[in-house]
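Reader: Before we discuss the labels, could you show me the sequence and the structure?

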Amino acid sequence: MTVSRPSGIASLVEGARAVLDCPQAEGKARLAHEVAALWRKGTLPLLAAECALPMPDRPARPAEPRLLPPNEMPRRTFKGPRGRFALLHSLAHIELNAIDLAFDMAGRFAGEALPRAFFDDWVSVGDDEARHFLLLQRRLAAMEGQYGDLPAHDGLWQAAEETRHDLLARLAVVPLVLEARGLDVTPGMIERLTGAGDMESAAMLGVIYRDEQEHVAAGWRWFAHLCRERGLAPEETFHGLVRRHFRGLLKPPFNTAAREAAGLMPDMYEPLALR
């Protein structure tokens with residue numbers, strides 16, 4: 001099958017910028033798929049005419065949902081059909097932000113001396129996040145709703161803003177703190193959905209959980225790679241970057257087995273934990 005190039009996109013960096021600039025949620029996810037397909041086929045160079053295109057300070061967002069500060073979000077118990085809808089809606093919001101975070105990683109740091117495999121990984125992550133969003137959107141539709149029906153918190157992009165000038169810091173905070181947190185909490189969500197008889201939603205979260213382990217592993221792989229190149233001690237560097245750029249402490253209990261499978265040993269994260 002021939003993959004046509006979206007209009008005006010002549011490089012991966014331009015594709016990443018287009019994804020971030022797309023204000024429609026489903027449109028963003030579908031454009032992420034198109035850009036990822038072009039990159040995998042070798043159709044797109046990394047840069048057009050060796051000219052970097054700056055990434056936006058904030059990605060475009062749909063008019064709905066209404067975005068609130070985290071401390072103004074309504075408390076939800078995630079019990080009953082409405083609670084399960086709220087849970088999946090919150091996860092869809094996380095996945096939409098994750099699309100932008102992955103493509104921002106690929107586009108923002110394209111000017112650094114990195115192997116193609118780095119961009120392969122983050123384009124693949126963005127493609128996965130787009131697939132997750134569309135899965136969740138379809139599930140919300142089956143529950144007679146859609147993404148945007150409930151308010152969502154506006155704190156997820158803070159990690160990108162805080163680490164926009166430092167690739168090591170971005171890797172430390174986004175995949176190795178935020179996505180690693182997903183490894184801790186998702187099994188419990190799957191168990192609650194299964195207990196409620198919502199096997200379709202539980203199976204969907206199982207897919208997301210397995211993919212997120214690969215995303216954390218990619219984060220660790222490139223964090224360790226850059227530390228080796230720069231002669232830095234990974235644990236010490238990670239602790240310093242998280243304390244500097246992440247607001248708050250890490251929350252146990254940790255999914256030690258999943259974290260270790262992704263390359264994160266307890267000495268990396270336990271010293272940063274809430275006690």
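**How the labels are reached**

Author: Pro65 has its place in the loop between α2 (25–41) and β1 (67–68), where helices (H or I, at least four residues) and strands (E, at least two) are DSSP runs numbered from the N terminus. The peptide bond from Glu64 to Pro65 is cis, with omega near 10°. This is a predicted model, in which local features need pLDDT of at least 70 and side-chain atom pairs count only at pLDDT 80 or more, while totals for chains, interfaces and linings use all residues. Residues are numbered from 1 along each chain as its sequence is written, and side-chain values use heavy atoms, with hydrogens and water left out.

Reader: Where does Pro253 lie, and which residue does a cis peptide bond join to Pro253?

Author: Pro253 lies in the loop between α8 (234–245) and α9 (256–261), and the cis bond joins Pro252 to Pro253, with omega about 5°.

Reader: Why are α3 and α7 called roughly parallel?

Author: Helix α3 (residues 80–108) and helix α7 (residues 199–230) pack at an angle of about 30°, with their axes 13 Å apart. Angles under 35 degrees count as roughly parallel, over 145 as roughly antiparallel, 65 to 115 as roughly perpendicular and the rest as oblique, and α3 and α7 are therefore roughly parallel to each other. Axes here are lines fitted to C-alpha atoms, for helices over the stretch in contact, and angles run from 0 to 180 degrees between N-to-C directions.

Reader: Which residues make the contact of α3 with α7?

Author: With contact meaning heavy atoms within 4.5 Å, Leu88, Leu91 and Glu95 of α3 meet Ser201, Leu205, Ile208 and Glu212 of α7.

Reader: What makes Glu144 count as buried or exposed?

Author: Buried means under 20% relative accessible area, exposed over 50% and partly exposed in between (1.4 Å probe, protein chains only), so Glu144, at 78% relative accessibility, counts as exposed. Glu144 lies in the loop between α4 (116–142) and β2 (152–153), and its phi is near 65°, a positive value in a residue other than glycine.

Reader: And how do you know whether Asn97 is buried or exposed?

Author: Asn97, which lies in helix α3, has a relative accessible area of 4% and is therefore buried. Leaving aside neighbours within four places in sequence, Asn97 is in contact with Arg61, Leu156 and Trp157.

Reader: How are Cys22 and Cys227 classed?

Author: Cys22 counts as buried because its relative accessibility is 12%, and Cys227 is buried because its relative accessible area is 0%.
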